[in-house]
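Look at the helix packing and the backbone of the model shown here.

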Amino acid sequence: GRPKISRRPPWEGGITWKKDKNNLPFVASSCQGDGASLWWPCKDHMYDEPDSMLISVNVPSNLMDVSNGRLRSVVRLKNNTTTYNWFVANPINNYGVNINIADYTHFSEVFNGEKGRLNCDYYVLKENLDKAKIQFKQAPMMLSAFEYWFGPYPFYEDGYKLVEAPYLGMEHQSSVTYGNGYKNGYRGVDQSGSGWGDKFDFIIIHESGHEWFANSITYEDVADMWIHESFINYSESLYVEYFYGKDAATEYVLGTRRNIRNDRPITGMYNVNSSGSGDMYSKGGNMLHNIRQIIDDDEKWRSILRGLNKDFYHQVVKGSQIEEYLTGKVGINLKPVFDQYLRDIRIPVFEYFVKDGKLTYRWNNCVQGFNMPLRIYVSGERKDIVPTSRFSTIDLETDKPEIKVDPDYYVGTLNMTGK
(Lines give C-alpha, C1' and ligand atoms only; values in the text may rest on other atoms or scores of the structure.)
Protein backbone atom coordinates (compact mmCIF):
# COMPACT_ATOMS: atom_id res chain seq x y z
CA GLY A 1 0.00 0.00 0.00
CA ARG A 2 0.92 3.64 0.43
CA PRO A 3 1.57 4.26 4.11
CA LYS A 4 1.09 7.79 5.36
CA ILE A 5 4.18 9.99 5.15
CA SER A 6 4.94 11.88 8.35
CA ARG A 7 5.45 15.57 7.64
CA ARG A 8 6.66 16.34 11.17
CA PRO A 9 8.04 13.21 12.83
CA PRO A 10 7.72 12.09 15.56
CA TRP A 11 4.91 14.54 16.45
CA GLU A 12 2.90 13.59 13.38
CA GLY A 13 2.58 9.87 12.74
CA GLY A 14 3.64 8.02 9.62
CA ILE A 15 6.70 6.79 7.75
CA THR A 16 9.75 9.01 7.29
CA TRP A 17 11.64 8.51 4.00
CA LYS A 18 15.12 9.98 3.70
CA LYS A 19 18.50 9.07 2.20
CA ASP A 20 21.92 8.62 3.78
CA LYS A 21 25.14 10.16 2.42
CA ASN A 22 25.45 7.30 -0.06
CA ASN A 23 21.94 7.96 -1.38
CA LEU A 24 20.61 4.74 0.17
CA PRO A 25 17.15 4.66 1.79
CA PHE A 26 16.90 5.72 5.44
CA VAL A 27 13.37 4.86 6.57
CA ALA A 28 11.56 4.73 9.92
CA SER A 29 8.10 4.66 11.48
CA SER A 30 6.69 6.80 14.31
CA CYS A 31 3.05 6.97 15.31
CA GLN A 32 2.33 8.04 18.91
CA GLY A 33 -0.89 10.03 19.08
CA ASP A 34 -2.08 9.33 15.55
CA GLY A 35 -2.16 5.61 16.20
CA ALA A 36 -0.30 2.55 14.99
CA SER A 37 -3.08 1.48 12.64
CA LEU A 38 -1.90 4.06 10.12
CA TRP A 39 0.87 1.62 9.17
CA TRP A 40 0.04 -1.83 10.57
CA PRO A 41 -3.29 -3.55 11.34
CA CYS A 42 -3.97 -3.61 15.07
CA LYS A 43 -6.57 -3.01 17.75
CA ASP A 44 -5.57 0.63 17.93
CA HIS A 45 -6.17 1.51 21.58
CA MET A 46 -3.80 1.71 24.51
CA TYR A 47 -5.95 -0.27 26.96
CA ASP A 48 -4.78 -3.61 25.58
CA GLU A 49 -1.39 -5.01 24.57
CA PRO A 50 -0.33 -8.28 22.93
CA ASP A 51 1.68 -10.44 25.33
CA SER A 52 4.38 -10.97 22.66
CA MET A 53 4.97 -10.16 19.01
CA LEU A 54 6.80 -11.40 15.95
CA ILE A 55 7.76 -8.57 13.58
CA SER A 56 8.89 -9.62 10.10
CA VAL A 57 10.13 -6.97 7.69
CA ASN A 58 11.28 -7.61 4.14
CA VAL A 59 13.86 -5.18 2.70
CA PRO A 60 16.31 -5.00 -0.20
CA SER A 61 19.34 -7.12 0.68
CA ASN A 62 21.72 -4.13 0.79
CA LEU A 63 19.69 -2.75 3.70
CA MET A 64 18.83 -3.91 7.21
CA ASP A 65 15.65 -3.67 9.29
CA VAL A 66 15.88 -3.10 13.03
CA SER A 67 12.71 -3.55 15.08
CA ASN A 68 11.73 -4.37 18.64
CA GLY A 69 12.98 -7.28 20.71
CA ARG A 70 15.65 -9.75 19.68
CA LEU A 71 16.64 -10.76 16.17
CA ARG A 72 15.33 -14.31 15.77
CA SER A 73 16.43 -14.96 12.19
CA VAL A 74 17.57 -13.41 8.90
CA VAL A 75 16.18 -15.03 5.76
CA ARG A 76 17.81 -14.16 2.44
CA LEU A 77 15.50 -14.67 -0.54
CA LYS A 78 16.23 -15.28 -4.21
CA ASN A 79 14.73 -11.98 -5.35
CA ASN A 80 17.59 -10.04 -3.71
CA THR A 81 15.54 -9.19 -0.64
CA THR A 82 16.01 -10.20 2.98
CA THR A 83 13.46 -10.74 5.74
CA TYR A 84 14.41 -9.81 9.30
CA ASN A 85 12.40 -11.56 11.99
CA TRP A 86 12.35 -9.83 15.39
CA PHE A 87 10.61 -11.30 18.44
CA VAL A 88 9.29 -9.34 21.43
CA ALA A 89 8.84 -11.58 24.47
CA ASN A 90 7.03 -8.97 26.60
CA PRO A 91 3.75 -7.06 26.32
CA ILE A 92 4.16 -4.06 24.02
CA ASN A 93 2.01 -0.98 23.38
CA ASN A 94 0.99 -0.46 19.77
CA TYR A 95 2.84 2.83 19.18
CA GLY A 96 5.99 1.23 20.60
CA VAL A 97 6.25 -1.13 17.63
CA ASN A 98 8.62 0.21 14.97
CA ILE A 99 10.61 -0.41 11.82
CA ASN A 100 13.97 1.19 11.00
CA ILE A 101 15.46 0.48 7.59
CA ALA A 102 18.93 1.63 6.51
CA ASP A 103 22.43 0.55 5.64
CA TYR A 104 23.21 0.14 9.33
CA THR A 105 26.36 -0.91 11.08
CA HIS A 106 26.16 -2.53 14.50
CA PHE A 107 28.13 -2.61 17.74
CA SER A 108 27.20 -3.88 21.18
CA GLU A 109 28.11 -4.28 24.83
CA VAL A 110 26.77 -5.99 27.96
CA PHE A 111 25.45 -4.02 30.94
CA ASN A 112 25.69 -5.78 34.30
CA GLY A 113 22.43 -4.70 35.87
CA GLU A 114 20.15 -5.57 38.75
CA LYS A 115 18.70 -8.59 36.93
CA GLY A 116 21.97 -9.78 35.45
CA ARG A 117 23.50 -9.31 32.01
CA LEU A 118 21.59 -6.97 29.69
CA ASN A 119 22.46 -6.96 25.99
CA CYS A 120 22.84 -3.43 24.64
CA ASP A 121 22.89 -3.15 20.85
CA TYR A 122 23.49 -0.03 18.79
CA TYR A 123 22.58 0.43 15.11
CA VAL A 124 23.80 3.56 13.33
CA LEU A 125 24.56 4.79 9.84
CA LYS A 126 28.08 3.76 8.85
CA GLU A 127 29.29 7.34 8.48
CA ASN A 128 28.35 8.00 12.14
CA LEU A 129 29.98 4.96 13.73
CA ASP A 130 32.90 6.81 15.35
CA LYS A 131 30.64 9.51 16.80
CA ALA A 132 28.15 6.91 18.04
CA LYS A 133 30.82 4.93 19.88
CA ILE A 134 31.58 8.06 21.91
CA GLN A 135 28.05 9.45 22.38
CA PHE A 136 26.41 6.12 23.18
CA LYS A 137 28.67 5.67 26.21
CA GLN A 138 25.83 7.52 27.90
CA ALA A 139 23.51 4.52 27.47
CA PRO A 140 25.03 2.39 30.25
CA MET A 141 25.27 5.56 32.37
CA MET A 142 21.52 6.01 31.86
CA LEU A 143 20.87 2.38 32.81
CA SER A 144 22.90 2.75 36.01
CA ALA A 145 21.03 5.89 37.05
CA PHE A 146 17.53 4.69 36.22
CA GLU A 147 17.97 1.23 37.70
CA TYR A 148 18.99 3.03 40.91
CA TRP A 149 15.92 5.26 40.91
CA PHE A 150 13.28 3.09 39.20
CA GLY A 151 14.41 -0.50 39.62
CA PRO A 152 15.55 -3.04 37.02
CA TYR A 153 15.29 -2.26 33.32
CA PRO A 154 11.84 -3.67 32.44
CA PHE A 155 12.74 -5.70 29.33
CA TYR A 156 15.83 -7.81 30.00
CA GLU A 157 14.36 -10.60 27.85
CA ASP A 158 14.19 -8.28 24.83
CA GLY A 159 17.42 -6.38 25.39
CA TYR A 160 18.05 -2.66 24.96
CA LYS A 161 18.73 -0.98 21.63
CA LEU A 162 19.54 2.52 20.41
CA VAL A 163 18.78 2.87 16.71
CA GLU A 164 19.65 5.88 14.56
CA ALA A 165 16.54 7.30 12.88
CA PRO A 166 15.87 10.07 10.33
CA TYR A 167 14.03 12.17 12.93
CA LEU A 168 14.70 13.37 16.50
CA GLY A 169 13.88 10.18 18.40
CA MET A 170 11.16 8.18 20.14
CA GLU A 171 10.69 5.69 22.98
CA HIS A 172 9.95 2.58 20.93
CA GLN A 173 10.09 -0.35 23.35
CA SER A 174 13.51 -2.09 23.38
CA SER A 175 14.25 -0.22 20.13
CA VAL A 176 14.70 3.41 21.19
CA THR A 177 15.23 5.64 18.17
CA TYR A 178 17.86 8.36 18.11
CA GLY A 179 18.40 11.40 15.89
CA ASN A 180 19.85 14.09 18.13
CA GLY A 181 22.92 14.71 15.99
CA TYR A 182 25.37 13.17 18.46
CA LYS A 183 25.22 16.29 20.62
CA ASN A 184 24.43 16.85 24.27
CA GLY A 185 21.30 18.77 25.20
CA TYR A 186 18.19 18.87 23.02
CA ARG A 187 19.61 19.39 19.53
CA GLY A 188 22.58 20.95 21.28
CA VAL A 189 20.53 23.20 23.60
CA ASP A 190 20.09 22.93 27.37
CA GLN A 191 16.34 23.36 27.75
CA SER A 192 16.67 24.12 31.45
CA GLY A 193 19.10 27.01 30.96
CA SER A 194 20.89 25.77 34.08
CA GLY A 195 23.99 24.43 32.36
CA TRP A 196 23.32 20.90 33.57
CA GLY A 197 21.35 19.99 30.44
CA ASP A 198 24.62 20.31 28.51
CA LYS A 199 26.03 17.37 30.48
CA PHE A 200 23.90 14.71 28.77
CA ASP A 201 22.28 13.79 25.47
CA PHE A 202 18.62 14.62 25.99
CA ILE A 203 17.30 12.01 23.56
CA ILE A 204 19.34 9.12 24.97
CA ILE A 205 18.29 9.91 28.54
CA HIS A 206 14.69 11.04 28.04
CA GLU A 207 13.55 8.53 25.44
CA SER A 208 15.30 5.62 27.16
CA GLY A 209 13.68 6.62 30.45
CA HIS A 210 10.34 5.88 28.82
CA GLU A 211 11.19 2.18 28.99
CA TRP A 212 10.02 2.48 32.61
CA PHE A 213 7.25 5.10 32.33
CA ALA A 214 5.47 4.56 28.97
CA ASN A 215 6.53 1.09 27.87
CA SER A 216 6.34 -0.79 31.17
CA ILE A 217 3.79 1.48 32.89
CA THR A 218 1.50 2.60 30.07
CA TYR A 219 -1.42 5.04 30.11
CA GLU A 220 -4.82 3.60 29.24
CA ASP A 221 -6.06 6.91 27.82
CA VAL A 222 -3.90 9.58 26.20
CA ALA A 223 -5.63 12.09 28.49
CA ASP A 224 -3.30 10.69 31.18
CA MET A 225 -0.14 11.09 29.13
CA TRP A 226 1.39 12.84 32.14
CA ILE A 227 2.12 9.34 33.51
CA HIS A 228 4.69 9.06 30.72
CA GLU A 229 5.96 12.59 30.35
CA SER A 230 5.88 14.08 33.86
CA PHE A 231 7.84 11.21 35.37
CA ILE A 232 10.37 11.18 32.54
CA ASN A 233 10.77 14.94 32.56
CA TYR A 234 11.62 14.54 36.24
CA SER A 235 13.88 11.59 35.43
CA GLU A 236 16.21 14.01 33.64
CA SER A 237 16.90 15.73 36.95
CA LEU A 238 17.25 12.34 38.67
CA TYR A 239 19.92 11.45 36.11
CA VAL A 240 21.70 14.72 36.91
CA GLU A 241 21.38 13.99 40.64
CA TYR A 242 22.85 10.50 40.28
CA PHE A 243 26.00 11.80 38.60
CA TYR A 244 26.35 15.42 39.76
CA GLY A 245 24.50 15.71 43.07
CA LYS A 246 21.22 16.97 44.47
CA ASP A 247 22.01 20.68 44.18
CA ALA A 248 22.73 20.28 40.46
CA ALA A 249 19.48 18.36 39.99
CA THR A 250 17.53 21.07 41.79
CA GLU A 251 19.01 23.73 39.54
CA TYR A 252 18.01 21.65 36.53
CA VAL A 253 14.40 21.01 37.52
CA LEU A 254 13.82 24.62 38.60
CA GLY A 255 15.34 25.74 35.31
CA THR A 256 12.76 23.77 33.34
CA ARG A 257 10.04 26.06 34.73
CA ARG A 258 10.85 28.54 32.00
CA ASN A 259 9.14 26.13 29.58
CA ILE A 260 5.81 26.11 31.45
CA ARG A 261 2.95 27.94 29.72
CA ASN A 262 -0.05 27.26 32.00
CA ASP A 263 -2.21 27.38 28.86
CA ARG A 264 -4.40 24.30 29.34
CA PRO A 265 -4.84 21.56 31.96
CA ILE A 266 -2.27 18.78 31.78
CA THR A 267 -4.95 16.09 31.69
CA GLY A 268 -6.93 15.94 28.46
CA MET A 269 -10.49 14.87 27.70
CA TYR A 270 -11.13 11.21 28.39
CA ASN A 271 -12.46 8.65 25.91
CA VAL A 272 -11.94 10.83 22.83
CA ASN A 273 -8.17 10.40 22.19
CA SER A 274 -7.39 13.93 23.40
CA SER A 275 -4.16 14.77 25.21
CA GLY A 276 -3.66 17.76 27.49
CA SER A 277 -1.15 20.60 27.54
CA GLY A 278 2.50 20.21 26.73
CA ASP A 279 2.96 21.34 30.33
CA MET A 280 2.77 17.62 31.12
CA TYR A 281 6.56 17.78 30.75
CA SER A 282 8.04 20.61 32.81
CA LYS A 283 5.02 21.46 34.96
CA GLY A 284 4.34 17.79 35.62
CA GLY A 285 7.98 17.27 36.55
CA ASN A 286 7.82 20.21 38.96
CA MET A 287 4.61 18.81 40.47
CA LEU A 288 6.52 15.61 41.26
CA HIS A 289 9.33 17.74 42.69
CA ASN A 290 6.70 19.37 44.95
CA ILE A 291 5.59 15.95 46.15
CA ARG A 292 9.19 15.02 46.89
CA GLN A 293 9.42 18.11 49.13
CA ILE A 294 6.25 17.07 50.96
CA ILE A 295 7.76 13.64 51.63
CA ASP A 296 11.06 15.22 52.76
CA ASP A 297 12.77 11.82 52.75
CA ASP A 298 14.87 11.01 49.70
CA GLU A 299 15.08 7.29 50.41
CA LYS A 300 11.31 7.09 50.79
CA TRP A 301 10.91 9.01 47.52
CA ARG A 302 13.22 6.55 45.78
CA SER A 303 11.33 3.60 47.27
CA ILE A 304 8.06 5.03 45.93
CA LEU A 305 9.50 5.37 42.41
CA ARG A 306 10.82 1.81 42.55
CA GLY A 307 7.53 0.64 44.03
CA LEU A 308 5.57 2.12 41.13
CA ASN A 309 7.69 0.15 38.70
CA LYS A 310 7.34 -3.04 40.73
CA ASP A 311 3.62 -2.84 41.48
CA PHE A 312 2.56 -1.61 38.00
CA TYR A 313 5.18 -3.63 36.07
CA HIS A 314 4.06 -4.19 32.45
CA GLN A 315 0.59 -2.80 33.18
CA VAL A 316 -1.79 -0.42 31.43
CA VAL A 317 -3.09 2.04 34.04
CA LYS A 318 -5.43 4.95 34.64
CA GLY A 319 -4.07 8.23 35.93
CA SER A 320 -6.28 7.84 39.00
CA GLN A 321 -4.44 4.64 39.92
CA ILE A 322 -1.10 6.46 39.98
CA GLU A 323 -2.60 9.34 41.96
CA GLU A 324 -4.09 6.95 44.54
CA TYR A 325 -0.84 5.01 44.78
CA LEU A 326 1.17 8.15 45.51
CA THR A 327 -1.41 9.33 48.04
CA GLY A 328 -1.24 6.00 49.86
CA LYS A 329 2.55 5.89 49.94
CA VAL A 330 3.04 9.55 50.92
CA GLY A 331 0.46 9.25 53.68
CA ILE A 332 -1.53 12.43 53.04
CA ASN A 333 -4.36 13.24 50.65
CA LEU A 334 -2.67 14.47 47.47
CA LYS A 335 -5.88 14.89 45.48
CA PRO A 336 -5.87 18.71 45.91
CA VAL A 337 -2.29 18.77 44.63
CA PHE A 338 -3.21 16.73 41.54
CA ASP A 339 -6.36 18.83 41.01
CA GLN A 340 -4.24 22.00 41.12
CA TYR A 341 -1.37 20.98 38.89
CA LEU A 342 -2.98 18.47 36.51
CA ARG A 343 -6.51 19.84 36.12
CA ASP A 344 -6.13 23.60 36.64
CA ILE A 345 -3.93 26.21 34.99
CA ARG A 346 -3.43 28.56 37.94
CA ILE A 347 -0.23 28.76 39.96
CA PRO A 348 -1.19 28.63 43.64
CA VAL A 349 -0.11 31.77 45.49
CA PHE A 350 1.13 31.81 49.09
CA GLU A 351 -0.20 35.09 50.47
CA TYR A 352 1.04 36.44 53.81
CA PHE A 353 1.57 39.47 55.98
CA VAL A 354 3.41 40.10 59.25
CA LYS A 355 1.94 42.22 62.05
CA ASP A 356 2.81 42.51 65.72
CA GLY A 357 5.18 39.56 65.62
CA LYS A 358 2.65 37.27 63.98
CA LEU A 359 2.65 35.68 60.51
CA THR A 360 -0.75 35.41 58.82
CA TYR A 361 -1.01 33.38 55.62
CA ARG A 362 -3.20 31.41 53.22
CA TRP A 363 -3.34 29.80 49.78
CA ASN A 364 -5.04 31.83 47.06
CA ASN A 365 -5.50 31.43 43.28
CA CYS A 366 -6.11 27.73 43.87
CA VAL A 367 -8.66 24.95 43.60
CA GLN A 368 -11.17 24.41 46.37
CA GLY A 369 -9.67 22.51 49.27
CA PHE A 370 -6.05 23.14 48.26
CA ASN A 371 -3.94 22.49 51.36
CA MET A 372 -0.48 21.53 50.12
CA PRO A 373 2.10 21.53 52.93
CA LEU A 374 4.78 24.16 52.43
CA ARG A 375 8.30 24.83 53.69
CA ILE A 376 9.15 28.43 54.47
CA TYR A 377 12.10 30.14 56.12
CA VAL A 378 11.63 32.83 58.76
CA SER A 379 14.84 34.84 59.00
CA GLY A 380 16.67 31.74 57.81
CA GLU A 381 14.94 29.31 60.19
CA ARG A 382 12.94 26.52 58.58
CA LYS A 383 9.23 26.21 59.34
CA ASP A 384 6.85 23.60 57.91
CA ILE A 385 3.27 24.81 57.61
CA VAL A 386 0.02 23.61 56.04
CA PRO A 387 -1.78 26.62 54.59
CA THR A 388 -5.40 26.43 53.46
CA SER A 389 -7.57 28.97 51.67
CA ARG A 390 -8.51 30.38 55.09
CA PHE A 391 -6.11 32.64 56.95
CA SER A 392 -3.98 31.06 59.66
CA THR A 393 -1.72 32.86 62.11
CA ILE A 394 1.42 31.78 63.96
CA ASP A 395 3.60 33.61 66.44
CA LEU A 396 7.12 34.60 65.43
CA GLU A 397 10.14 35.31 67.58
CA THR A 398 10.96 38.56 65.82
CA ASP A 399 8.98 41.66 64.83
CA LYS A 400 10.82 42.15 61.52
CA PRO A 401 11.27 38.71 60.01
CA GLU A 402 12.41 37.93 56.51
CA ILE A 403 9.93 35.47 54.99
CA LYS A 404 11.07 33.23 52.15
CA VAL A 405 9.26 30.32 50.49
CA ASP A 406 11.44 27.34 49.64
CA PRO A 407 12.06 27.70 45.87
CA ASP A 408 11.71 23.94 45.38
CA TYR A 409 7.93 24.47 45.46
CA TYR A 410 6.31 25.59 42.21
CA VAL A 411 4.14 28.33 43.74
CA GLY A 412 3.78 32.08 43.67
CA THR A 413 4.43 34.32 46.69
CA LEU A 414 2.69 37.58 47.63
CA ASN A 415 3.45 39.81 50.57
CA MET A 416 0.01 41.36 51.05
CA THR A 417 1.48 44.54 52.49
CA GLY A 418 3.16 45.17 49.15
CA LYS A 419 6.65 45.05 50.63
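Helix H6, residues 282-295, and helix H7, residues 298-311, have axes that come within 8 Å and cross at roughly 130 degrees. Axes here are lines fitted to C-alpha atoms, for helices over the stretch in contact, and angles run from 0 to 180 degrees between N-to-C directions. Helices (H or I, at least four residues) and strands (E, at least two) are DSSP runs, numbered from the N terminus.

On the H6 side the contact (heavy atoms within 4.5 Å) is made by Leu288, Ile291, Arg292 and Ile295, and on the H7 side by Asp298, Lys300, Trp301 and Ile304. These residues of the H6 and H7 contact comprise five nonpolar, no polar and three charged. In this scheme Ala, Val, Leu, Ile, Met, Phe, Trp, Tyr, Cys and Pro count as nonpolar, Asp, Glu, Lys and Arg as charged, and the others, Gly among them, as polar.

The model is predicted: local features need pLDDT of at least 70, side-chain atom pairs count only at pLDDT 80 or more, and totals for chains, interfaces and linings use all residues. Residues are numbered from 1 along each chain as its sequence is written, and side-chain values use heavy atoms, with hydrogens and water left out.

A second pair is formed by helix H4 (residues 226-244) and helix H8 (residues 319-330), which pack at an angle of about 45 degrees with their axes 10 Å apart. H4 and H8 are therefore oblique to each other. From H4, Trp226, Ile227 and Phe231 meet Gly319, Ile322, Glu323 and Leu326 of H8. The contact of H4 with H8 has five nonpolar residues, one polar and one charged.

Turning to the backbone, the peptide bond from Pro9 to Pro10 is cis, with omega near 0 degrees. Pro10 belongs to the segment before strand E1 (14-19).

Which phi does Tyr182 have? Tyr182 is not a glycine, yet its phi is positive, about 55 degrees. Tyr182 sits in the loop between strand E12 (176-178) and helix H3 (202-209). Arg187, also not a glycine, has a positive phi of about 55 degrees and is found in the loop between E12 and H3. Tyr182 counts as buried because its relative accessibility is 12%, whereas Arg187, at 48%, counts as partly exposed. Buried means under 20% relative accessible area, exposed over 50%, and partly exposed in between (1.4 Å probe, protein chains only).

Terms used: Angles under 35 degrees count as roughly parallel, over 145 as roughly antiparallel, 65 to 115 as roughly perpendicular and the rest as oblique.
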